[in-house]
Amino acid sequence: MSLLFFLVIILTVPVFIVPKQYKYHYSLILLLGGIIATTIKAFVSLGAGSGACETGQTMPAGPLEFSADALSAFFILVVNITVLTGFLYSRGYLKPYYKTKNSLRFSLHYFSYLWLWLSMIMVLIVRDGFMFLIVWEIMALSSFILVIFDAEDTRIMKTGISYLIQMHVGMFLLLLAFLISAGDSGKTGFDVLQGYFSGHSNVVIFLLFFAGFGIKAGFIPFHTWLPQAHPAAPSHVSGVMSGVMIKMGIYGIMRVLISVQHNHMEIGVIILFISLLSAIMGVMMAIMQHDLKKLLAYHSIENIGIIGIGLGLGTIGFSAGNSVLCLLGYSGALLHVLNHSLFKSLLFFNAGSVYYAAHTRNVESLGGLMKKMPFTALLFLAGSLAICGLPPFNGFISEYLIYAGMFKSLASASLYQSLALLASIAGLALTGGLAVFCFTKAFGIVFLGQPRTIKAAAAEEVHKGMLIPQLLPLSLIILIGLASPFFLKPVFDIVSGGFGLEPAGLQEETMTASLGAVSILGGIFVVLTTILLIVRKMHLATKEVSSGPVWGCGYPEAGPAQQYTATSYVYNYNHLARPLLQTEKIMEDIREDEIFPAKRSFRSESHDVFRKYLVDKPVDFVSRLLKLIAVMQTGRIQHYILYAFLFMLAILLLTYFGII
């Protein structure tokens, strides 16, 4: 493993000297080699069922320990699937940019993509605390370069810098947590956390880790970078960042939870509260977005919240000695990591295809794309059904595990545990309902109806090079939904081994049988639907088929102006949620004396209240303060000498009076 990584590191440098037309193929060969090697290692670790530690003299200062246990192996597989799919999709997506961007820009892009993959793999297998922070920082820097691919746009550059600053804040919190945990042993890393937790209060140090990893994961209120960075990045990068990079935060939280020794109930309640807030607020804010990629970005926050709900319930179950809630909560969360990486990357790739064809991400400027882009529409529909948690797709399976853990635990739960379970059931159900509402809006406004603009009318289906890579996540989405029992045992084994639970046994058999029945029903539904479509096609093959406009209820000439817009579709919801989301209408009112109103424009905006009060207002305050201090920068050397003299005088007086 050590040799592999150093070989990949060395071979990434020639990306800068390879001719422009061969950079993609060279990078693909390197990526495939690394993915094959790490995938084999991951399957070996999953088969062993325990940590398989590999050491070697890989650093000048001493040996660097790699450890790929079952949890690491699971995340490695998730990373490899999405990174490979994203890179295959990128070839077609970046094709127009070859005419406008120079060779160096593509060299930086492919180099950073390789290093993003490499740093994520290293995050998953490195155990030493300081080395972990180094590869964590490499992951932030490489993703930053990928985000600012269109750096000519000052807004994108500003977004990238904001993202990088927040990643450094998270890294500082993790550094502080590792340093505190190293106080007794003098060593840093995940392997020493258990010893520290056994002799100290667990809540404070866990909150430091949770905040540091939560910034990367996108939990509210640590999410403010995510809705800005995902839309700014190229779509294949957005798919990788949302699909797997933010899951590195989930991995870190799970790795710390494995080591926690005390205060499980308090920690579980904190995780559950933040996760419910993230899930509900994430989907509520997603509904109001007009930028398709920004809408998907807020749904990443929602799904991180769903994963967190599983982690919180699992931790509460661990504290209460409820093995069912613990097993199903953690397992549902872990399986949703895989499921979300599949359908969210698929949706981001489809959003990229829409942008590629129509040159806009504003849903108000789209419409009617299902006739223009039928394959993209079907792929987006499949991803939408999966993210809404509807059978027979994979999103249903992981959410079913979390629901099952909650309902199975209600009978034996105490009063306070019952309140937490009922709040979680209501919150998860509300999240699912709002997700369905959001994606009926997204799919309906983008793909149905008539084109609203010339760009939408001129759109054409993207080429096969952008469609074929999407078949990999789609096939896994359907496979997990229709053959879920085959995926349960590995997940149960990872959770049982990692958290020291009793073997799943009867619970595994019960859930396998239950989900097996669901999968069979889903398979029957798919087969019947396929048969009906085949029969319909055979029947119509012998008939003369004519086409014409759909009956328009007496308005046969109705145009796109008479269609629902994204704003009008969510009008009632907007009215109810306005106090919480702070939405506003931007238009000029019609005066009473204006008999013939002039042409006007209308648009609506929603504001992220967390970003407004936690980021924007503090930044504005600091900016104003710095402008006030700037009056001291006179440019005259006499003033700067005076400042130094006054500083030395102040130090002398403070020392004389014994203050310092």
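Predicted model: local features only at pLDDT ≥ 70, side-chain atom pairs only at ≥ 80, totals over all residues.
Let me start with helix α22, residues 485-498, where Lys489 and Asp493 sit four residues apart, about one turn of the helix; helices here are DSSP runs of H or I of at least four residues, and strands are runs of E of at least two, numbered from the N terminus. The side chains of these two residues, Lys489 and Asp493, meet in a salt bridge at 3.2 Å, N to O, where a salt bridge is a side-chain nitrogen of Lys or Arg within 4 Å of a carboxyl oxygen of Asp or Glu. Lys489 is partly exposed at a relative accessible area of 44%, and Asp493 is partly exposed at 38%; buried means under 20% relative accessible area, exposed over 50%, and partly exposed in between, with a 1.4 Å probe and protein chains only.

Residues are numbered from 1 along each chain as its sequence is written, and side-chain values use heavy atoms, with hydrogens and water left out.

How many salt bridges does a search of the whole structure find? The search finds nine. One of them joins Asp69 to Arg127, with the closest N and O atoms 3.4 Å apart. That pair links distant parts of the chain, since Asp69 lies in the loop between β2 (62-68) and α3 (70-93) and Arg127 in the loop between α4 (103-125) and α5 (129-147), 58 residues apart. Both Asp69 and Arg127 are buried, and they belong to a network of salt bridges that also links Asp191 and Arg255.

Arg105 and Glu152 form another salt bridge, at 3.1 Å from N to O. Here Arg105 is in helix α4 and Glu152 in the loop between α5 and α6 (154-181), 47 residues apart. Arg105 is partly exposed at 23% relative accessibility, whereas Glu152, at 52%, is exposed.

Turning to helix α18, residues 415-447, we find Ala435, which counts as buried at 1% relative accessibility. Leaving aside residues up to four places away in sequence, Ala435 touches Val283, His299, Glu302 and Cys388, a contact meaning heavy atoms within 4.5 Å.

Finally, the chain as a whole: its secondary structure comes to 27 helices and four strands, and 52% of its 660 residues count as buried.
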